[in-house]
Amino acid sequence: MLPFDQILIQTVNGLVNGMVLALVASGLTLIFGIMDVVNFAHGDLVMLGGFVGAITVASTGSFTIAFFVAALTIAAFGVLLQITTLRPLIGRDPLTTILATFGVSLVLQKYALWQFGPSARVIPQPIPGQFDLFYLQYPWYRVGAAVMAGAIIGALYLFLKYGKYGIWIRATTQDRVMASAMGIPVPWVHTGVFAIGAAMAAASGVLFAPLAAVTQTMGSDFTLRAFIVVVVGGMGNLGGSILAAIFVSLLEAYASLVVSPAQAVIVSFVALILTLLFRPTGLFVSTTR
Amino acid sequence: MLRLSDVHTYYGKSHILHGVSVEVGPGEVVGLLGRNGVGKSTTLKSVMGLVQPSHGRITFEDRDITGIAPHRVAHLGIAYVPEDRRIFRLLSVLENLRTGLDRPGVSEARRAVLLDKVYASFPVLQERRNQLGGTLSGGEQQMLAIARAMMLEPKIILLDEPTEGLMPRMVSQIRDIIDRLHQEGVAILLVEQNVGLTLGACNRCYIMEKGLVRHHAPAAELQADPSVIRQYLGI
Amino acid sequence: MSAGSSAKGFWLCFAVVVALLAVAPLVLPEFWRRFLTEILIWGLLAMSSDILIGYTGMVSFGHSVFFGLGIYGAAAALLIVSPPNLWLAIALGLSAAAGVAVFVAYFATRLRDIYFAITTLVFSQIFYVVIFTWTAVTGGENGLYFNQPPLGIPGLFSLKFSTESLHWFVLAVVAISYLLVRRITQSPFGMVLQSIRENEPRTRAIGYHVERYKIVSVMLSGVFAGLAGVLYAIQNKFAAPDFVFFLVSGEVVIFNVMGGIGTLVGPFLGAAFFLLLREGLSRFWSEYYLIPLGIIFTAMVIFMPQGLLGFLRRRLNQ
């Protein structure tokens, strides 16, 4: 029989990891939903955000400043990236965007290695202290990170639903052609959404950094997991990605009670494959669109 | 005001428009008739920039707009109401209207005025303003599509088969809307299968066949001599 | 150009190229000899991927699985059976690759485009994790070392490979593979594959059983990729999880794109171009060579989507 308290602890862990992953996946699904781009370099944006955040914290001592600096810098970089590599590919086979973003991913990973060196960076936890969770001393920060991630996603949701540009984004996602015919500057909406996605990725990187170190290769890991989440949740479906992120993270957390963490990752792979076989539009998508 | 000169357009490898020349003056209601597949919709799409002409010119108020991006065409004062309406199904009625209303250079007050005007013309839209576009009936969606275009305060509206699939009662409502727009000085380029409606609403008509304009006459003349219509449309 | 003269032209070119490649190791220094052999092996791998990408229109990020299984399959044969037997290594490597290819083929028929690409990527990661963590069987991170088998038929003769003779063996295998694949892609079967790539629904509507063609396509692709793995194992006497990591698949796709998809020869050019660039760039950039290389690749995707071959063809036609 599995110990009850271990299961509860893993539930909390799963929720925390799930929220951070949800933040990454939301950006990815938003980008895919609006411009059919599968951003292979998304995880590397998380990584860059983590590094920029770490460096800013080291020089300013403030987590908050680091957070905003990272988000804004990576957003700006995202704009540059979208304009130079993705805009020329509009109208071409969508697989070219996978290839192009894959190339970008390689460059970013090596660039990070070059600029930041091979050692991992850490950000000290901005919310110190722990509380008693059963037999463990559970860091407050973990809960804080999950709450922050949730708040950002909530803000995104409100922005999309009620903001002026939210309507533009939603209209463009639904029908790019008619949105353009209504005077909405679609190419700029695309750039804007990419920037938002990049900023969210960077934010996840900064939130994630105090939980585990930021390494140059963590990008691929995040990208892969975010893909899995986005597919399981339904591509382009924001609510679905969030639920899927939590679902997949919980599965992995429970699995790591039985197998090593390195192998627990297979659980999410299996979830993906099962989803693709039986419910290819996504597990959390209602069948009426 | 709007002029197409010898426009050729391809869809992939298909040569759809073989040199279309059409003109619409300010405030005119001009019809574009023809059988299915002759290129009527493609003509409208070429004006709107939704397809790129390979040859020829399109000018609006003496400004060359051939092949420019659709959102810029819209800003110049050309609005488009497509076949199948294509309203934003997951946006509410009000949000659909706002896609045209939220433009630079339009004050809050002006927006409120425009909205009231449209609600007055289309009371059913006011009733359903918070409902999702996809839940409206066919006729209501058509009205929303036209109302949405009106939010752009256009100088000319490109109307593509507005009465398709509508009940006769709604068809006459569309006719009223077209007349009302004409009274306000908005020009209309109307593509339609409903010959009676077209001849009644328009000043003059072009008739297309296989990607070319074959005939051009005032509506009255076409009404007087139905043999021309029969020749090109087989009706 | 009549069919007769273009066929003659092809064979002439082919003979010249093979002759050059055969002679090369005799005049090149040791390092470049091995380098050339590696280009052939990676080229074979990329060509196998071209069957899927260029001819059937399915981008796969999973070729590292077939490649890796070819390596580990050969490794198993060379470690378990003594004295090490070349043919057994080939057989085992190919079977392992083919076995997985069946599995992947099943998914190929159920998924399209992006979903297929992502799934193959996930597969390669699953295998990576399995191989990485199943240390007892696969040696885990450290990999497996084994001996190079001699070229021979048991009981008749046995010749130890030298760098040159290994190169000729690889050249022979690759050349035959190329001719085989070329024959297949030019056959009616190959035409159907291309039709699937151009317009799958229409091909289905005409009446072709698209699923069956896709399955065969994946199997072919997997088997030749496995063969490349076997050759690699024989050349390097080393197997490691690194070869199953999805980045290898990514590199393979890079070879395809750089060289020109759907050309069979393109992948070889692409592999050569990439490996030469890597050699050259690492002189100045050391381990950061991927930065300029990645930029070049991305630029090629955007500006030279037909790859080097397409670019050269257009130049030559002008």
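Select C:L78 first: leaving out residues up to four places away in sequence, C:L78 touches C:P84, C:A89, C:F146, C:N147 and C:P149. Two residues are in contact here if their C-beta atoms, placed from the backbone, lie within 7 Å.

Before moving on, some ground rules. The model is predicted, so local features need pLDDT of at least 70 and side-chain atom pairs count only at pLDDT 80 or more, while totals for chains, interfaces and linings use all residues. Residues are numbered from 1 along each chain as its sequence is written, and chains are lettered from A and ligands numbered from 1 in the order in which they are written.

**Stop 1**

C:L78 is buried, because 27 other C-beta atoms lie within 10 Å. The cut-offs: buried means 20 or more other C-beta atoms within 10 Å of a residue's own, exposed means 12 or fewer, and partly exposed is in between, with C-beta atoms placed from the backbone. C:L78 and C:Q148 are 70 residues apart in sequence, yet their C-alpha atoms are 7.8 Å apart in space.

Helices (H or I, at least four residues) and strands (E, at least two) are DSSP runs, numbered from the N terminus. Of the 18 residues of α3(C), 16 are buried. At 1.5 Å a residue, α3(C) (residues 63–80) should span 26 Å, and its end C-alpha atoms are 26 Å apart, which agrees. The expected span is 1.5 Å times one less than the number of residues.

**Stop 2: two helix pairs in chain C**

Select α2 (residues 30–56) and α10 (residues 210–236) of chain C. Their axes come within 9 Å and cross at roughly 170°. That makes α2(C) roughly antiparallel to α10(C). Axes are lines fitted to C-alpha atoms, for helices over the stretch in contact, and angles run from 0 to 180 degrees between N-to-C directions. Angles under 35 degrees count as roughly parallel, over 145 as roughly antiparallel, 65 to 115 as roughly perpendicular and the rest as oblique.

Show side chains here. Residues of α2(C) in this contact include C:I41, C:L45 and C:L52, and those of α10(C) include C:V218, C:F224 and C:L231. By class, the contact has 14 nonpolar, 7 polar and 1 charged residues. Ala, Val, Leu, Ile, Met, Phe, Trp, Tyr, Cys and Pro count as nonpolar, Asp, Glu, Lys and Arg as charged, and the others, Gly among them, as polar.

Next, select α12 (residues 266–285) and α13 (residues 290–303) of chain C. Their axes come within 9 Å and cross at roughly 135°. α12(C) and α13(C) are therefore oblique to each other. From α12(C), the contact uses C:L277, C:R278, C:L281 and C:W285; from α13(C), C:I291, C:P292, C:L293 and C:I296. The classes are 7 nonpolar, no polar and 1 charged.

**Stop 3**

Select C:L264, in the loop between α11 (246–259) and α12 of chain C. Its phi is near 65°, a positive value in a residue other than glycine. C:L264 is buried, with 23 other C-beta atoms within 10 Å.

Jump to B:D62, in the loop between β4 (53–60) and β5 (63–64) of chain B. B:D62 also has a positive phi, of about 65°, although it is not a glycine. With 7 C-beta neighbours inside 10 Å, B:D62 counts as exposed.

**Stop 4: where chains meet**

Colour by chain. Chains B and C share no contact, and their closest C-alpha atoms lie 14 Å apart.

Select the side of chain A that touches chain B. Here 16 residues of chain A are in contact with 21 residues of chain B. α6 (164–174) and α7 (176–181) of chain A each supply at least two residues to that side of chain A. The side of chain A holds 10 nonpolar, 3 polar and 3 charged residues.

**Stop 5: the nonpolar core**

Finish with the largest nonpolar core. A nonpolar core is a set of buried Ala, Val, Leu, Ile, Met, Phe, Trp, Tyr and Cys residues joined through C-beta atoms within 7 Å. The largest has 266 residues, and A:I74, A:A149, A:A202, B:L158 and B:I188 touch the most other members. Helix α8 (residues 186–208) of chain A gives the most to this core, with 15 residues.

Last, zoom in on A:A202. Leaving aside neighbours within four places in sequence, A:A202 is in contact with A:L45, A:L48, A:G49, A:A70, A:A71 and A:I74.
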